[in-house]
Amino acid sequence: DFQVKVRGLRIELGEIESALTALDGVAQAVVSVRTDPVTGDQLVGYVVPVEGIDLDSVEMQVRLGRQLPSYMIPTAWVVLASVPLNASGKLDRKALPNPTIKTREYRAPGTPEGQAVADAFVELLGLEQVGADDDFFALGGNSLIATQVAARLRKSTGVDVRVQWFFGDATVSGLASQIVASRDSGSSPMTDAGQGVVIHLRRTGTRSPLFAIHPMIGLSWLYAGLTSEIDADRPLIGLQNPALSEPGPPAASIEELAVRYVDEITQIQPDGQICLLGYSLGGNIAHAVAVMLREQGREVSKLIMLDSQLEPEMEVFDTELTAALRGIGVDVPAGEIVRELSLERAEQIVAILSGDGLISLSTDNVQRLFASIVTTPRLMADYEPVEFDGDMFYVSASTHPEPEDAAYTWRPFVSGAIENRFIDVPHDQMMTPDAITLVGPILDEALRDCE
């Protein structure tokens, strides 16, 4: 009956404790909340094993994940010989010891650059020790903390460290190598990290990966925040618009993009279940991908759309695109409709995005990507969906007067059930950090049957 609030979500600790004690090998269990000034509130599981049993925290997380949503899974564990009791023989929560986060078998960084990275992880993730092989995201890092790590490393190493490097190799040794290479050459060999068609937002995990397809902007970096919300045993892989990194004209259709992404997905996941997620335009593409995968005989166990609409309104698109440009500091006079990005404006965008030292894009990157973005209304208008022979999970934004209206426009193109959830967040803010704390647990719950 002990209720707490963690990251805005109300949690009954007793429910988690009951699920824990039901696991084989667990004699007693207590769940508490530890507040950390860096990583925030954290659920801690204290377990007393059955005599002769060795409990593994990763295995317990996986087993609990099949019963509870991710926000109810402890992220730190302590194995006790017995639970502490007070003079009255009742549980003494104040006597529960502080947890330690288990990292990989320790290997010292070995270089000044590696030590600088390890020190930044220790400070900003609140750990006691980090080794050369430890991965930032596996240790509980997210995109927001990554910006702080990058800022600290720029100061301590004098190298222009960028957040996008984390999408190339987020281990201590990997980031240290990038720092050395950047210092030696004057430019980083990883400047294109995070710009490829495939980016691994979380590489580790034994469950089926979640493939997250980009929205209109073409980037999948925005999904990085989900690493702290969905099952820690599930890899998260972003698919990005090829226009970002590859020369040539933009894709001529949603089907063309879908064919490319099916190829990438099947190379990464040649067998087993496929789990798909798409936000806005990404949902439309994910639907096409799901249809193509089914035609190949693959099992698409989960198709999730975040407020993806079938019929775009050009006026709304122009307004949102103009607002986005103004939002990052580009001067767009009142009444102007931007359908083509001049070199001058591309240079302005590059300067704005790279001004804080976090993102590296060239004018070619920006112009190619923008050329693809402005084709979005045409691609969506020309797209003629084929029926997907499965179920769909839909999350509606507050933008719609009746949230169900957006979800059930897909009824003719989904043969199975359509489950619709609503969050009180506007469409264009669904992947902001605050919104992710609402969307993430919903997605994690939806993914529980995707093994």
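The model is predicted, so local features are given only where pLDDT is at least 70 and side-chain atom pairs only at pLDDT 80 or more, whereas totals for chains, interfaces and linings use all residues. Residues are numbered from 1 along each chain as its sequence is written, and side-chain values use heavy atoms, with hydrogens and water left out. Helices are DSSP runs (H or I, at least four residues), numbered from the N terminus, as are strands (E, at least two).

**Packing of α3 and α5**

- The axes of α3 and α5 come within 8 Å and cross at roughly 130 degrees, the axes being lines fitted to C-alpha atoms over the stretch in contact, with angles from 0 to 180 degrees between N-to-C directions.
- That angle makes α3 oblique to α5, since angles under 35 degrees count as roughly parallel, over 145 as roughly antiparallel, 65 to 115 as roughly perpendicular and the rest as oblique.
- Residues Glu113, Gly114, Val117, Ala118 and Phe121 of α3 meet Val172, Leu175, Ala176, Ile179, Val180 and Arg183 of α5, where contact means heavy atoms within 4.5 Å.

**Glutamate 113**

- Glutamate 113, placed in helix α3 (residues 112-125), is buried with a relative accessible area of 15% (buried means under 20%, exposed over 50% and partly exposed in between, with a 1.4 Å probe and protein chains only).
- Leaving aside residues up to four places away in sequence, glutamate 113 touches Ala176, Ile179, Val180 and Arg183.

**The aromatic cluster**

- Three aromatic pairs are counted under a rule by which rings of Phe, Tyr and Trp (its six-membered ring) pair if their centres lie within 6.5 Å, with planes under 30 degrees apart counted as stacked, over 60 as edge-to-face and the rest as tilted.
- The rings of phenylalanine 121 and phenylalanine 136 form a tilted pair, with centres 5.3 Å apart and planes at 50 degrees; phenylalanine 121 lies in helix α3 and phenylalanine 136 in the loop between α3 and α4, so the pair ties together parts 15 residues apart in sequence.
- Phenylalanine 136 is itself buried, at a relative accessible area of 0%, and its ring forms an edge-to-face pair with that of phenylalanine 166, with centres 5.0 Å apart and planes at 70 degrees.
- Phe121, Phe136 and Phe166 form one aromatic cluster.

**Helix α10**

- In α10 (residues 363-373), the buried residues are Asn365, Val366, Leu369, Phe370, Ser372 and Ile373.
- Seen down the axis of α10, these residues fall within an arc of 155 degrees, so they line one face of the helix, the arc being that of the directions from the helix axis to the C-beta atoms.
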